[in-house]
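Keep the sequence and the 3D view side by side as you read.

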Amino acid sequence: MLANTRLDLNITTREEFALAREIGPELADKIIRYREEHGNFQSVEDLKNIPGITADQFKRAMSRVTVGGTTDTPTFR
């Protein structure tokens, strides 16, 4: 996996997420669990809906993820 590749929240596997330094195994599990329970992400902003995600996790992840190839730049409130 390329270091600068954006990972699609709707199709990336847990293993692929876990390999990304900005995401790691803990957040990978949360992303996959949320996707299985709630369906596809509509935007990167939806990461904020994951129970227990911290502002720091969100900021790190948003630099590596996308939804359907979009490059929106969300902010954590």
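## Gln57 and helix 3

Gln57 is buried, with a relative accessibility of 9% (buried means under 20% relative accessible area, exposed over 50%, partly exposed in between, with a 1.4 Å probe and protein chains only). You'll find Gln57 in helix 3. If you skip its neighbours within four places in sequence, Gln57 is in contact with Glu26, Leu27, Lys30 and Gly52 (contact means heavy atoms within 4.5 Å).

Gln57, Phe58 and Ala61 are the buried residues of helix 3. They sit on the same side of helix 3, because they cover an arc of only 100° around the axis (the arc is that of the directions from the helix axis to the C-beta atoms). Their cover includes helix 2 and strand 2 (65–66).

## What you're looking at

A quick word on the ground rules. This is a predicted model, where local features need pLDDT of at least 70 and side-chain atom pairs count only at pLDDT 80 or more, while totals for chains, interfaces and linings use all residues. Residues are numbered from 1 along each chain as its sequence is written, and side-chain values use heavy atoms, with hydrogens and water left out.

The protein has three helices and two strands, and from the N terminus on the elements run β-α-α-α-β. Helices (H or I, at least four residues) and strands (E, at least two) are DSSP runs, numbered from the N terminus. Of the 77 residues in the protein, 43% are buried. Among contacts with a separation of 6 or more, 50% are between residues 24 or more positions apart. The accessible surface comes to about 4,600 Å², and carbon and sulfur atoms hold 51% of it (areas come from the Shrake-Rupley method with a 1.4 Å probe, and for residues only the protein chains shown count as cover).

## The nonpolar core

The largest nonpolar core has 20 residues, and Leu9, Phe17, Ile23, Ile31, Phe41 and Leu47 are the ones touching the most other members. A nonpolar core here is a set of buried Ala, Val, Leu, Ile, Met, Phe, Trp, Tyr and Cys residues joined through side-chain atoms within 4.5 Å. Helix 1, helix 2 and helix 3 (55–62) are the elements that give two or more residues to this core. Helix 2 gives the most, with five residues.

Leaving out residues up to four places away in sequence, Phe41 touches Leu9, Asn10, Ile31, Tyr34, Arg35, Asp46, Leu47, Ile50 and Val67.

## Around Asn10

One of those partners of Phe41 is Asn10, found in the loop between strand 1 (7–8) and helix 1 (14–19). Asn10 counts as buried at 17% relative accessibility. Its side chain reaches the backbone nitrogen of Phe41 at 2.6 Å. Beyond four places in sequence, Asn10 is in contact with Arg35, Asn40, Phe41 and Val67.

Now look at Gly39, in the loop between helix 2 and helix 3. Gly39 is partly exposed, with a relative accessible area of 27%. Gly39 and Asn10 are 29 residues apart in sequence, and their C-alpha atoms are 8.4 Å apart in space.

## Salt bridges

How many salt bridges does the structure hold? There are six, with a salt bridge being a side-chain nitrogen of Lys or Arg within 4 Å of a carboxyl oxygen of Asp or Glu. Side chains of opposite charge can pair when their charged atoms come close.

Start with Lys30 and Glu26, whose side chains meet at 3.5 Å, N to O. Lys30 and Glu26 are four residues apart in helix 2 (residues 24–38), so about one helical turn separates them. Lys30 is buried at 14%, whereas Glu26 is exposed at 51%. Glu22 and Arg21 also form a salt bridge, with the closest N and O atoms 3.5 Å apart. Here Glu22 is buried, at 15% relative accessible area, and Arg21 is exposed, at 71%.

For Lys48 and Glu45, the closest N and O atoms of the salt bridge are 2.4 Å apart. Lys48 is partly exposed at 24%, and Glu45 is partly exposed at 25%. Elsewhere, salt bridges that share partners join Arg21, Glu22 and Arg64 into one network.

Definitions and conventions: Polar contact = N/O pair within 3.5 Å; in protein donor to acceptor, adjacent residues only side chain to side chain.
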